[in-house]
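Colleague: I have not seen this structure before. Could you take me through it in questions and answers?

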Amino acid sequence: MIDALLDDAALMSFEHQERMISVLGEHQWEVTFRPPGLIFIAGRAFECTRFHVLGSAAPGPGSWLWSWANEAAVYPDEVVELAASVRDYGVAHGIAALAEGEVPFGDLPGSPGDPGRVAWFMGELAKAVSGRWTMYTGDLGRGSRIAMLVEHPVFELAEPDAASMSRVVDAVFRLQLPDHRRALHGYAVRRGLAVAADQDHMRMSG
């Protein structure tokens with residue numbers, strides 16, 4: 001099930017993260033939770049229309065802590081409701097990494113030890129469940145990382161064209177996806193492309 005979610009997220013995530021990188025470049029970020037506000041300063045300052053705190057990965061305890069389970073942070077409901085919906089999906093489908101409040105690094109596939117890697121991994125799963133595709137991970141100090149899904153018109157994608165499709169298809173091989181056919185098919189559908197496939201070929205048009 002986790003591999004399927006990673007395939008479902010991979011290419012939409014790749015394209016949105018490429019867009020975010022091109023928009024932000026060198027930047028700073030500031031976040032408040034009461035009231036909720038996330039501001040990026042990249043040449044100019046702009047505030048995200050919405051943001052969703054997924055959780056944080058910390059090297060001390062060696063674990064990921066979902067935002068809805070973080071009693072110390074006491075986040076407002078509006079920034080954790082998306083993470084809570086991901087939890088509900090995990091409970092319904094028996095995915096412990098999504099359903100449990102705190103997840104040891106060692107319980108994740110490959111037992112990653114780097115908090116940045118863990119934040120990326122959990123974010124990819126949350127993207128596939130939620131259908132929100134742009135993620136920002138920020139440095140909390142002492143090696144910890146916070147992961148947030150962010151929304152702003154500047155991060156939205158243009159319509160697909162030959163150049164963008166070429167980059168996406170190239171990413172299929174660089175990302176070494178568990179099931180590249182599933183990833184490509186899901187991407188095409190989400191981007192509004194027509195898909196025709198048989199055992200050996202897949203054609204996307206739009």
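Colleague: What share of the contacts with a separation of 6 or more comes from residues 24 or more positions apart?
Modeller: This is a predicted model. A contact here means heavy atoms within 4.5 Å. Among the contacts in the protein with a separation of 6 or more, residues 24 or more positions apart account for 60%.

Colleague: How many helices and strands does the protein have?
Modeller: Helices and strands are taken as DSSP runs, numbered from the N terminus. On that basis the protein has six helices and 10 strands.

Colleague: What is the radius of gyration of the protein, and what would a compact globule have?
Modeller: The C-alpha trace spans about 50 × 40 × 25 Å along its principal axes. For 206 residues, a compact globule would have a radius of gyration near 17 Å. The value for the protein agrees with this, at 17 Å.

Colleague: How far apart are the end C-alpha atoms of helix 2?
Modeller: Helix 2 covers residues 77-93, which is 17 residues. At 1.5 Å a residue, helix 2 should therefore span 24 Å. The distance between its end C-alpha atoms agrees, at 24 Å.

Colleague: Which elements do the buried residues of helix 2 pack against?
Modeller: The buried residues of helix 2 are Val 79, Val 80, Leu 82, Ala 83, Ala 84, Val 86 and Gly 90. An α-helix has 3.6 residues a turn, so residues three or four places apart point the same way. The partners of the buried residues in helix 2 are strand 2, strand 4, strand 5, helix 3, helix 4 and strand 8.

Colleague: Which residue follows helix 2, with a positive phi?
Modeller: The phi of this residue is near 65°. The residue is Gly 94.

Colleague: Is Val 168 buried or exposed?
Modeller: Val 168 sits in helix 5, residues 162-174. Beyond four places in sequence, Val 168 touches Leu 11, Phe 14, Glu 15 and Tyr 187. Val 168 has a relative accessible area of 1%, so Val 168 is buried.

Colleague: Is Thr 49 buried or exposed?
Modeller: Thr 49 lies in the loop between strand 3 and strand 4. Leaving out residues up to four places away in sequence, Thr 49 touches Glu 151, His 152 and Pro 153. The relative accessibility of Thr 49 is 54%, so Thr 49 counts as exposed.

Definitions and conventions:
Residues numbered from 1 in each chain as written. Predicted model: local features only at pLDDT ≥ 70, side-chain atom pairs only at ≥ 80, totals over all residues. Heavy atoms only, no water. Helix = DSSP H or I, 4+ residues; strand = E, 2+ residues; numbered from the N terminus. Rg over C-alpha atoms; globule rule 2.2 N^0.38 Å. Expected span 1.5 Å × (residues − 1). Buried < 20%, exposed > 50% of the residue type's maximum accessible area, 1.4 Å probe, protein only.
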